Amino acid sequence: MYSHWSLVLFTLVLQSVVGSIWCMQAVFLINGDRIDPLYLKYQLVGALGLTLVGLVAAMAHLGTPGSSFNAARNLRHSWLSREIVAVNVFAGILAIMTALVFVTSTSVNIWLMLGASLAGTTVVYTMARVYLVKTVPTWNHAGTPVTFLGSTLLVGAALFTLLSYLFVGLSQGVDQNGEPLAGAYGVVFTIGLTGLILKFLATWYPFNKSIAAEPVKRLQPVLQSIGVVLWATAIFFFPPGQSVSSVLFMMAAAFLVSGEIIHRIRFYNNYTRVGL
Amino acid sequence: MELPVKRPVFILDVQICTGCKTCMVACKDKNDLEAGIRWRRVVEYCGGEWLAMPDNTFRQDIFAYYISVSCNHCASPICVEVCPTGAMNQNKNGIVTVDESRCMGCRYCEWACPYSAPQYQADKGRMSKCDFCCDELEAGRPPACVASCPTRALSLGEFDESGLESEGSIPTAPLPDDAFTAPHAVFKPHKMGKPVDSKAGFIANPEENKDV
């Protein structure tokens, strides 16, 4: 298969952004309007910026990017067409949310947040369906959507926590009174852990036998397991805001992302089509 | 476009095909295809072995045959289904073509087609494929590959509503199962032809079919 670096970047970035939005939705549901708008600004700017990076990566994959405006012409049959529309709708909602938070300096509109979550869900679903091609048996099985969902949850939760560390200095964010948000880091960590479990299922479960024989397959779960352990140590054993917590989480993020990149490269290298 | 042949179909008699690749060269010449672009490909499929017998004799089941394949202009073209821009389209004559003005070169059709029919042209950044020599058909002439075949193994027919089986078409390895895309092409099998799922043989000339 030809070089797929742009697709590795596009799929990973979009899935991580969707996952971070899902985490934001979860935190929003728990804490409501108490969330400090500044915290949301950093999260949304980070999410929107990465989405734009993903869109540039997707364009880099095309032979004729100038014709990409035609990409919505086959919504009736093509999952790729639907994915492109879903990504653009998701990016549009993120842009509106980000603009409103900056202009009004208030918390996020609940309906926009829900819209972003649903649009993000559509992105991950259509992205998985693009790879469920009947003539590509190494992709056309339940392991593909399960691993995509797992990646979204794991790396998305890590991205959400990373943006908290980088811009707010806390792992969990604060409300408008400066009080820590209720259950934010614990709930987000649980989301990430769920993603790791799903990826284990997708990698080891019999329906994914097509890549079961590769020895390098063990590198991704090992790296990401170490990442999750470091993450748990950072947020449960050290107070948020301490440099030790930050360093531990940065190491965790490095392990998680490197494992994800390895897994995604293997996914594309696993392409095998029936016939000639 | 009105064609003399309403629903053209390639017919290949695998028993007769010698693998000379004249059809492949004729296609490249007629369409000015650059190196690496192969709208028609000739696949050599072979296998078998020699076995030493207890009485110091040998038994062999060696086989080899050639299959010339281009786009099969399928009844359920997966390239048309997956193409996001609608560049891959099928006209009323069943011919699948690519509208280069719409194609953005995502190569999704290349991922999906089990016959490697869509070919990416790097200099244009777009996909290209066999178009059944529509211009030749309109003029009442056969496609370049059919016209050039020295043994008449490759010929032009018209789709029979009663089904391709009536033409003696039997899916043969290394071609994929017809169920994937319902190809509109007739492959009359070689006497040593293997079923589609057979692992008895291998493609002996992969470098002549795609850049490896």
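1. The model is predicted: local features require pLDDT of at least 70, side-chain atom pairs count only at pLDDT 80 or more, and totals for chains, interfaces and linings use all residues. Residues are numbered from 1 along each chain as its sequence is written, chains are lettered from A in the order in which they are written, and side-chain values use heavy atoms, with hydrogens and water left out.

2. Strand β2(B) covers residues 41-47; strands (E, at least two residues) and helices (H or I, at least four) are DSSP runs numbered from the N terminus. Six of its seven residues are buried, so the strand is largely enclosed by the rest of the structure. Buried means under 20% relative accessible area, with a 1.4 Å probe and protein chains only.

3. β2(B) pairs in the antiparallel sense with β5(B), residues 63-69, over seven bridges, and with β12(B), residues 201-203, over three bridges. Pairing requires at least two DSSP bridges between the strands. Gly47(B) has Phe63(B) of β5(B) as its bridge partner, while Cys46(B) stands opposite Phe202(B) in β12(B).

4. Ser78(A) belongs to the loop between α2 (37-60) and α3 (79-104) of chain A. This serine is buried, with a relative accessible area of 0%. Not counting residues up to four places away in sequence, Ser78(A) touches Glu81(B), Val82(B), Cys83(B) and Pro84(B) (contact: heavy atoms within 4.5 Å).

5. The side chain of Ser78(A) reaches two backbone nitrogens: that of Leu80(A) at 3.3 Å and that of Ser81(A) at 3.2 Å.

Note on methods
Buried < 20%, exposed > 50% of the residue type's maximum accessible area, 1.4 Å probe, protein only. Polar contact = N/O pair within 3.5 Å; in protein donor to acceptor, adjacent residues only side chain to side chain.
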